[in-house]
Amino acid sequence: MGVQSLVVACVALAQCLALTTATNPGFVVRITQAGLDYAHQHGITILEKELAQLKLPDISGDSRVLRVGKVHYELSSLHLRSFHLPYSRISPVPNVGLQVSISNAFAELDGDWRVKVFFVRGHGSFNLKVENVYIKVSLRLGSDGTGKPTVSTSDCSTRISNVRVHFSGRLGWLYNLFHNAIESRFKKILETKVCDSVAKSVHNDLQRYLRTLPVTASIDARAGIDYSLVAPPSATAQSLDAALKGEFYSLAHRSTVPFSPLPLSFPSDHDHMVYFGVSSYFFNTAGIAYHTAGALVFEITDAMIPKDVDFHLNTTTFSAFIPQLEQMYPDMPMKLRLSTPSAPFLNIGPEGISLRPVVDVQAYAILPNSSLAPLFLLSLTGNVSAVIDVRSGHIVGSLDVGRIKLSLKDSVVGTFPVRLLQSIMNIFASDILLPRLNARLETGFPLPLPDRIQLSNTLVRFHQQNFLLLGADVHFQPRP
């Protein structure tokens, strides 16, 4: 799993890859150099362990030694005792992806030797030290047809500057006569094996880890989020950016969103390990998805009225404002059905998130046979503001409603001054509807994170360009 973490870099390495269709993203992820460095720290430790487990083949051959003649040798039971990577770095490279550079690495191994010279045989042990090892790995980032990330090794080179072998045992002095040939063979074998191990780890481990990055995230029984990749990664000298679709959709019926995301102008913040640029498109497609799924419909009955409120939801209460109600439907319970005639649309600015939804309030009388008799239809509008935070890898929030404005759209009980209902509608909105909405927003919507990634030290900042910037540091939790 070496290079996996190497580029756990990738917290999101993650989120950086590409679908072929070019479109503005609704959601952008930026991994800064600090994030890549954090991933690199974990990855190098794992890579050291993997390289120390390299399986080396037995070596045999013939060599002609001056004044001795032809010597047949065999080296077996080769065992790498350690492989140390003291100096290394990971960097984003424009038009390439990621590059891992390792310098001054060193290793040590031991094994057994056998030798035959004419009719003389001997055996013993040997120790080999490998010094000044330089490894350079380039990782190409892409995506499959579903928008899931892919990674492959586009280039790998290993250069070993120094190999020293010491033989012990009877006739060990003979091996030392032709150690140069043996050291050269070891060097070539190790240089090949190191890159083979890196490529195998990228293919088997890192690629598997990237598959844990959610392309779609189910939120509840009604909606999901599409986090598929829409553009290739954009690498700069300081960061790696990923363009994601960032679109909510109805699970029952996915339809085309009637508007497109605007370009996101990412600020040059680099204090955190990872940043999420969340456009208004992301939130507004949530409104469309829930509206399409029929989730933006709420019913209020008398049983939902807080006990500390001194009235009941019935025709007797409302007859104080609409006298004809008591004559037409005397002392009958009522029900209010709240729905949005269209999906709510919000704006993001320096002061935060705001929206002005339109809500239809249909009032019914509940008849003795439990059927509903329509009474009147109100239109309710008001300024709503939102507070946003990040908690447990989710975008969470809460709403606050300002003064509500009412108008009468239809009535079967005659006209009446709707301003008289202002106070009672404020109670319904603030004490009944709002707590239910905020309870759902408290659960939040998942951010696109690969497995075992936790966020801390979060930042929330609103921008004039109609997008929200979330910053965080990253903690990777290895498997026990």
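Q: Which residue forms a salt bridge with Asp360?
A: In this predicted model, the closest N and O atoms of the pair are 3.2 Å apart. Asp360 lies in strand E18 and its partner in strand E20, so the pair ties together parts that are 49 residues apart in sequence. The partner of Asp360 is Lys409.

Q: Is Asp360 buried or exposed?
A: Buried means under 20% relative accessible area. Asp360 has a relative accessible area of 11%, whereas Lys409 is partly exposed at 48%. Asp360 is therefore buried.

Q: Which residue forms a salt bridge with Glu442?
A: The closest N and O atoms of this pair are 2.7 Å apart. Glu442 lies in helix H8 (residues 422-443) and the partner in strand E19 (residues 372-391), so the pair ties together parts that are 51 residues apart in sequence.

Q: Which residues are linked with Glu247 and Arg254 in a network of salt bridges?
A: Arg254 and Glu247 form a salt bridge, with their closest N and O atoms 3.4 Å apart. Arg254 is partly exposed at 41% relative accessibility, while Glu247 is buried at 6%. The network also holds Asp226 and Lys245.

Q: Which element gives the most residues to the largest nonpolar core?
A: This core has 48 residues, of which Leu75, Phe126 and Phe186 touch the most other members. Elements that give two or more residues to the core include helix H2 (33-51), strand E3 (69-84), strand E5 (97-117) and helix H4 (179-210). With nine residues, the element that gives the most is E5.

Q: How many residues are in the other core, which lies apart from the largest one?
A: In soluble globular proteins, nonpolar side chains tend to be buried together. Phe27, Ile225, Val390 and Ala472 are among the members of this other core. Its size is 43 residues.

Q: How far apart in space are Pro450 and Leu213, C-alpha to C-alpha?
A: Pro450 lies in the loop between strand E21 (445-446) and strand E22 (453-463), and Pro450 is buried, with a relative accessible area of 5%. Pro450 and Leu213 are 237 residues apart in sequence. In space, their C-alpha atoms are apart by 4.2 Å.

Conventions. Residues numbered from 1 in each chain as written. Predicted model: local features only at pLDDT ≥ 70, side-chain atom pairs only at ≥ 80, totals over all residues. Heavy atoms only, no water. Core = buried A, V, L, I, M, F, W, Y, C linked by side-chain atoms within 4.5 Å. Buried < 20%, exposed > 50% of the residue type's maximum accessible area, 1.4 Å probe, protein only. Helix = DSSP H or I, 4+ residues; strand = E, 2+ residues; numbered from the N terminus. Salt bridge = Lys/Arg side-chain N within 4 Å of Asp/Glu carboxyl O.
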